[in-house]
Amino acid sequence: MSLTKSGGTIEIDGARVAAVEGTAPEGTLMTAAFKEADLPLGLDASFEAVSKPLSIKLGDGMQPEKPLRVTFPVDPGSVNGFDSSNPALGILIMTEGQEKPDFALATWNDNDKTATAWLPHLTDVQLVFFNLKQWISGINSTIQQSAGLEYPKPNCTDKSVKIGYETYTAQSDAQEWTCVRESSGSLVVTAHSNSPLPFMVTSEPRRPGRTVTDVSRSGIITAALGNQLLSLTGSGGSAVMFPGGATEFIFDKPVEGISLKFKMLPNIALLAILTQTLDALFNKFGQKLHLDKLSSLECWKNILDTSMHPDISSESVSSFVKTTFSCIGEFADLTAVGRAIVVLVSAAPAAFASMFIGLLQTLNGQANFSTAVGYDIELLTFSDPKMGISFKYPANWVVTKPTDPRDQTGAKIFNQKGAEIAQVNFGTAFDFQPCARKKPYKLIDTTQTGPIPGMDTSTAPTSIKVETVDVGSESAYYPDKQPIRLGISLYSGPGQVTGTTSVCNLAAFFQAGGKFGFFSAGLGFQSNEAVVAYTKQSEYFQIRAMLASLRFL
């Protein structure tokens with residue numbers, strides 16, 4: 001047909017092509033005809049052709065001065081996965097010589113079951129449907145499969161490092177690889193990701209954490225997220241470990257009982273899933289990324305801030321999805337189809353929200369775990385011919401003897417902090433007369449040590465006896481002024497009167513070859529709860545092992 005001054009409309013097999021006034025000069029010939037062969041879509045499998053290609057021309061190949069309006073009829077029942085509440089329809093525009101089509105979003109009219117779009121330029125066009133649910137399902141499946149993904153095992157895994165007298169051994173979980181190494185006298189503990197999920201990692205004892213490897217195994221957008229988000233963490237002994245990345249903690253002095261606790265924060269996991277989706281989108285429909293813009297973008301700042309708060313609900317996730325997808329347009333150049341997908345997804349965030357919440361629930365079993373760093377310390381041997389005894393003690397402790405030969409106090413043992421924790425003496429005459437002040441004692445534990453050659457066990461087997469005394473106001477008699485006294489002693493029969501103990505000397509005795517001796521730790525605490533906590537620490541067990549190592553020369 002020839003266009004009039006006001007334009008014109010062509011109807012063909014239910015489709016309509018309308019030109020408004022000013023589209024082309026009056027008298028310009030406008031034609032429209034369907035083709036049999038589909039356009040070379042080159043699209044994701046989630047796109048489905050709804051119409052045959054329609055070839056629209058103006059005159060001798062001219063382009064319209066104003067967009068043309070094209071309308072296609074749609075039978076919802078014949079389109080797989082069609083949802084009239086969110087039809088996700090668009091018009092592909094394929095110009096001769098193009099490798100990939102342009103895309104124009106279509107408006108759905110549920111009353112007459114038609115889809116309408118405005119075409120900025122003419123060539124062959126085809127109405128397509130974007131099956132959002134199918135696309136989401138594909139992403140869901142990919143992420144579910146990647147949950148079993150393993151990253152390459154670092155060469156340092158499960159190896160030990162010795163620093164001074166201490167030896168540290170890495171122990172790994174299925175979702176991460178732990179390594180230990182020495183750096184300028186400090187212990188460096190590194191956790192390498194072996195999971196497709198991000199984790200907040202916290203060290204005990206607390207040390208600042210930082211990233212030590214680039215998250216290059218992730219997609220470029222996920223990597224950018226990781227590097228940006230890590231700038232918000234790291235203080236207080238915590239840092240984020242992203243897929244393919246690692247976190248590092250430095251302990252600048254000997255320390256035992258090191259552990260790393262891993263927690264999957266729902267919003268960080270959600271954001272990682274979202275960015276993996278954006279990576280897939282950009283890989284197929286991306287042209288150029290402007291990552292230098294990220295730090296200044298308000299939408300990106302909002303995304304990072306939101307990811308640090310663990311609020312997970314359908315409403316919050318929907319808003320999060322919409323914000324994240326909308327933000328990609330601020331730092332990524334996408335093809336027309338890519339931009340269309342961003343708009344289509346942003347228009348239906350609730351569908352994504354249900355998928356992400358479902359994924360988080362599925363992966364919940366991987367949400368929290370911890371690993372420990374094995375600790376061992378070299379032992380030294382103390383030997384004293386005069387007392388006729390020897391024993392083993394941690395190499396970072398110190399054993400001293402009186403320099404005055406008239407001093408009969410034996411030897412004293414100090415821990416690595418310089419605090420006196422035990423005394424030992426054997427073969428000296430002891431005064432068994434109790435002090436005038438007596439308090440009831442509480443027996444915590446008595447454990448047999450096994451045979452010690454030469455020990456007199458005629459009245460009782462050799463044991464480690466652990467007991468406490470609440471000295472109350474008489475704590476002033478002790479250097480540390482603590483009211484609860486803990487005694488850990490080697491015992492083989494003789495010792496305290498049953499039910500009471502001397503406040504002056506909380507110790508049990510042993511006997512060998514007709515001679516008496518004591519090997520005891522005497523420690524002060526503020527409360528019984530503090531005593532219980534101490535009996536779970538390694539120093540307590542090191543003292544017990546030291547006492548049990550006593551041998552006679």
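Visitor: Which sense do strands β16 and β20 pair in, and over how many bridges?
Guide: Strand β16 (residues 199-204) and strand β20 (residues 259-263) pair in the antiparallel sense, over 5 bridges. Strands here are DSSP E runs of at least two residues and helices are H or I runs of at least four, numbered from the N terminus. Two strands pair if DSSP finds at least two bridges between them. This is a predicted model, where local features need pLDDT of at least 70, side-chain atom pairs count only at pLDDT 80 or more, and totals for chains, interfaces and linings use all residues. Residues are numbered from 1 along each chain as its sequence is written, and side-chain values use heavy atoms, with hydrogens and water left out.

Visitor: OK, and what stands opposite V201?
Guide: That's F262, in β20.

Visitor: Which strands form the open sheet, and in what order?
Guide: There are 4 strands, in the order β18-β16-β20-β23, with antiparallel pairing. β18 (238-241) and β23 (368-372) stand at the edges with a single partner strand each, so one side of each has no neighbour in the sheet. Neighbouring strands are turned by 25 degrees against each other on average, direction ignored. For that angle, axes are lines fitted to C-alpha atoms (for helices, over the stretch in contact), and angles run from 0 to 180 degrees between N-to-C directions.

Visitor: Switching topic: is helix α6 buried or exposed?
Guide: Helix α6 (residues 336-346) has 9 of its 11 residues buried, so the rest of the structure largely encloses it. Buried means under 20% relative accessible area, exposed means over 50%, and partly exposed is in between (1.4 Å probe, protein chains only). Among the buried ones are V337, I341 and L344.

Visitor: Which residues touch the most other members in the largest nonpolar core?
Guide: Of its 70 residues, those are L54, I56, I91, L281, F331 and I341. A nonpolar core is a set of buried Ala, Val, Leu, Ile, Met, Phe, Trp, Tyr and Cys residues joined through side-chain atoms within 4.5 Å.

Visitor: What is L281 in contact with?
Guide: Leaving aside neighbours within four places in sequence, L281 is in contact with W135, G286, I328, L334, G338, I341 and V342. Contact means heavy atoms within 4.5 Å. A second, separate core has 34 residues, including I413 and F525.

Visitor: How many salt bridges are there?
Guide: The count comes to 7. A salt bridge is a side-chain nitrogen of Lys or Arg within 4 Å of a carboxyl oxygen of Asp or Glu. One of them joins R181 and E248, with the closest N and O atoms 3.1 Å apart. R181 lies in strand β14 (residues 176-183) and E248 in strand β19 (residues 246-251), so the pair ties together parts 67 residues apart in sequence.

Visitor: Are those two buried or exposed?
Guide: R181 is partly exposed, at 40% relative accessible area, while E248 counts as buried at 4% relative accessibility.

Visitor: Last one: where is T157?
Guide: T157 is in the loop between α1 (132-146) and β12 (160-163). At 6% relative accessibility, T157 counts as buried.
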